[in-house]
Amino acid sequence: MLIISPIPAFHDNYIWMFHSPDSRNVYVVDPGDAKPVQQLLDKHQLTLAGILITHHHFDHTGGISELTKGKNIPVYGPDNHNIDGITNTLQDGDTIKLDENRFNIVATPGHTLDHIAYFTETGEAGNPALFCGDTLFVGGCGRLFEGTAEQMYTSLSRLASFPGNTRVYCAHEYTQANLRFARAVEPDNQILKEQVKEVAERRSENQPTVPSTIQKELATNPFLRSNQPDVIKAACNRGAPSNAKPTDILRVIRAWKDDF
Ligand code: ZN
Ligand code: FE
């Protein structure tokens, strides 16, 4: 069981912090900036017990050296020599145990080639938790900077196969822009329409829209819906071939989003 909270960083990043309910040892995911993390640790007298990294981008790794300076803090992350400070490299299929919580490592190439995600069955309030960095966002997915649409499709499919009640902790507050695009893809999606309202309310109160759940994303996120008739239709209107495979649909939708 975990308690999980966001530490806002930069303009729209979330550094996720988690700990067991009875512990002052905390872990952070993707500390792009050391300062807000250190402030929180100091304020609540918490000890940083480990760092989890999803991919090499600086807005996810920039705080590693400052947070670990002079300390023996394990830094878990992908097997990528370009990331300074990783002490424990992880591969697809690996498991790690942090306190009593076991995490499964899933390779999720697409946004970057080194991208990994962390899944645990023992997240908040009896729900599984998924830390997915810049692969899956609320209503969207990461840009294809290094990988192919095929790789992203496989990665998203693997994340989508986790239980519906899995809470999805993504690394950015991109939800409103993502949902504007999702509405353009599926103007008749009623669940999406409701979600737009909910999200507008949360944002007007300056509340995070993350985490989402796998179940919600399956119902609303166009990048998890490339097998849905309305999404296929929208992609065909944007040039996807009529016999398009789901990966073709994803490629066309992703390219559309890039200049939306
Ligand atoms: Zn990134
Ligand atoms: Fe990022």
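## Zinc site

The 4 donor atoms around the zinc ion (ligand 1) subtend angles of 86 to 173°, so the arrangement is irregular. The donors are His-55 (NE2), His-57 (ND1), His-111 (NE2) and Asp-134 (OD), at 2.2 to 2.3 Å. A donor is an N, O or S atom within 2.8 Å of the metal (3.2 Å for Na, K and Ca); water is not among the atoms, so sites may look incomplete.

This is a predicted model, in which local features need pLDDT of at least 70 and side-chain atom pairs pLDDT 80 or more, while totals for chains, interfaces and linings use all residues. Residues are numbered from 1 along each chain as its sequence is written, chains are lettered from A and ligands numbered from 1 in the order written, and side-chain values use heavy atoms, without hydrogens and water.

## Metal pair

The iron ion (ligand 2) lies 3.2 Å from the zinc ion (ligand 1), and Asp-134 coordinates both. Asp-134 counts as buried because its relative accessibility is 4%; His-57, at 18%, also counts as buried. Buried means under 20% relative accessible area, exposed over 50%, partly exposed in between (1.4 Å probe, protein chains only).

## Nonpolar cores

A nonpolar core joins buried Ala, Val, Leu, Ile, Met, Phe, Trp, Tyr and Cys residues through side-chain atoms within 4.5 Å. The largest has 51 residues, and Phe-18, Tyr-118, Phe-131 and Ile-253 have the most contacts inside it. A second, separate core of 19 residues includes Ile-15, Val-26, Leu-48 and Val-75.

Definitions and conventions:
Four donors count as tetrahedral if all angles lie between 85 and 135 degrees; four count as square planar and six as octahedral if opposite donors are over 155 degrees apart and all others between 65 and 115; anything else is irregular.
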